[in-house]
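Biologist: I am new to this structure, and I would like to learn how to read its features step by step. Could you take me through it?

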Amino acid sequence: MKTDNNTPTFFIVAGEVSGDFHGGKLIEAIKKINPETRLVGHGGNKMQSAGLELIHHTDEMAIMGFSEVVKRLPFLLSVMGESLGELRRLRPDRIILIDYPGFNLRLAKNSHKLDIPITYFILPQLWAWKENRIKYFHQFIDQSLSIFPFEPDWFQSRGVKTEYVGHPFSEITGSETPRDIFYKKHNIKTADRILLLLPGSRQQEIDYHLEVYIDAAREVQKSEQDIKILIGKAPGVSMPDFGGDILVESDDIRSAINYSTAAVTTSGTASLECAVLDTPEVVCYKLSRVSGFLAKRLSKTQYVSMANLISGREIVPELLQNEVRPQNIAKEIKPLINSTNDRRAMLDGFSGVRRTLGLPGVYDRAAGAILNRTTYGKP
């Protein structure tokens with residue numbers, strides 16, 4: 001039970017690494033406005049460091065693909081039951097859901113009888129697939145906070161009032177680590193160029209993408225001998241040892257992106273971060289055969305990468321499912337590591353993407369919107 005009726009209490013859920021990052025920033029912004037706020041729920045290291053009382057870690061909850069969800073269903077059902085029990089015990093002033101729609105929308109439905117208002121920050125991509133999930137917003141969500149400029153019109157045209165708070169990447173100004181320090185850390189010569197591999201933030205993504213990316217990068221090295229291969233490793237995932245000539249960065253991915261000549265990126269948050277930091281990229285995505293087939297049938301968008309979705313046209317090349325092969329990746333990435341028309345065109349497209357992302361202060365605006373809608377101190 002709540003111990004202090006004058007202290008706002010939130011139950012917050014982020015089930016993936018990217019959600020943990022945004023959740024950590026949101027918690028910091030909430031506590032900046034009201035330092036006594038209590039936050040309980042599921043997240044990762046960044047949310048816990050910001051003050052979350054952690055129940056389940058994102059390392060346990062990050063799952064991708066349809067067949068993979070089926071395999072982990074007993075665990076997810078257990079977490080759902082535990083979450084509902086905690087909500088009954090805690091009686092928070094508000095639930096805050098961050099992305100992770102497969103779990104979060106069901107939590108919204110299952111907790112509806114508890115009469116706890118719900119904020120959704122970083123909305124599910126219903127414009128891409130599963131549009132029928134809009135019914136959850138009609139019935140269970142009372143505050144929708146969007147980070148993509150095209151989303152408010154889409155949601156509001158379907159009867160869901162939505163506030164655009166801007167995109168978190170509007171706050172990116174580059175790397176805090178100087179280039180020479182970063183190069184020295186990895187024993188990279190000043191004249192060398194970096195080809196960055198970003199295989200994903202979930203273990204299944206690593207398993208499907210990393211070896212293919214490595215083979216593609218080695219193919220590039222045959223004609224571009226000054227290229228150094230650097231892997232951006234997300235927390236909580238494991239990778240095989242590819243040998244001493246393959247570099248790994250696990251602490252400062254932003255610097256890795258900022259100082260790389262080009263990147264091979266698994267579709268997701270990192271692909272937009274590359275666009276914001278002007279790092280040309282090839283975007284790939286591969287699921288199991290069953291999950292890939294279902295995703296293709298259900299998807300309503302022409303693109304998978306956020307740079308292409310935001311701009312409404314192909315800025316970065318996309319390789320999906322069976323197209324994710326070393327020779328295909330190498331063919332697409334080679335023009336991007338040199339001063340070519342392809343590279344210049346992509347950088348021009350990235351500048352247009354950045355203009356749409358709004359002004360800095362996203363987390364402050366989101367925190368203010370949440371606290372303004374929250375009536376706490378109830379008996």
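This is a predicted model: local features need pLDDT of at least 70, side-chain atom pairs count only at pLDDT 80 or more; totals for chains, interfaces and linings use all residues.

Modeller: Residues are numbered from 1 along each chain as its sequence is written, and side-chain values use heavy atoms, with hydrogens and water left out.

Biologist: How many helices and strands are in the chain?

Modeller: Helices (H or I, at least four residues) and strands (E, at least two) are DSSP runs, numbered from the N terminus, and the chain has 17 helices and 13 strands.

Biologist: What share of the residues counts as buried?

Modeller: Buried means under 20% relative accessible area, with a 1.4 Å probe and protein chains only; of the 379 residues of the chain, 54% are in that class.

Biologist: At what angle do the axes of H5 and H6 cross?

Modeller: Axes are lines fitted to C-alpha atoms, for helices over the stretch in contact, and angles run from 0 to 180 degrees between N-to-C directions. The axes of H5 (residues 73-90) and H6 (residues 101-110) cross at roughly 40° and come within 11 Å. Angles under 35 degrees count as roughly parallel, over 145 as roughly antiparallel, 65 to 115 as roughly perpendicular and the rest as oblique, and H5 and H6 are therefore oblique to each other.

Biologist: Which residues of H5 and H6 make the contact?

Modeller: Contact means heavy atoms within 4.5 Å; H5 contributes Leu 76, Val 79, Met 80, Ser 83, Leu 84 and Leu 87, while H6 contributes Phe 103, Arg 106, Leu 107 and Asn 110.

Terms used
Buried means under 20% relative accessible area, exposed over 50%, partly exposed in between (1.4 Å probe, protein chains only).
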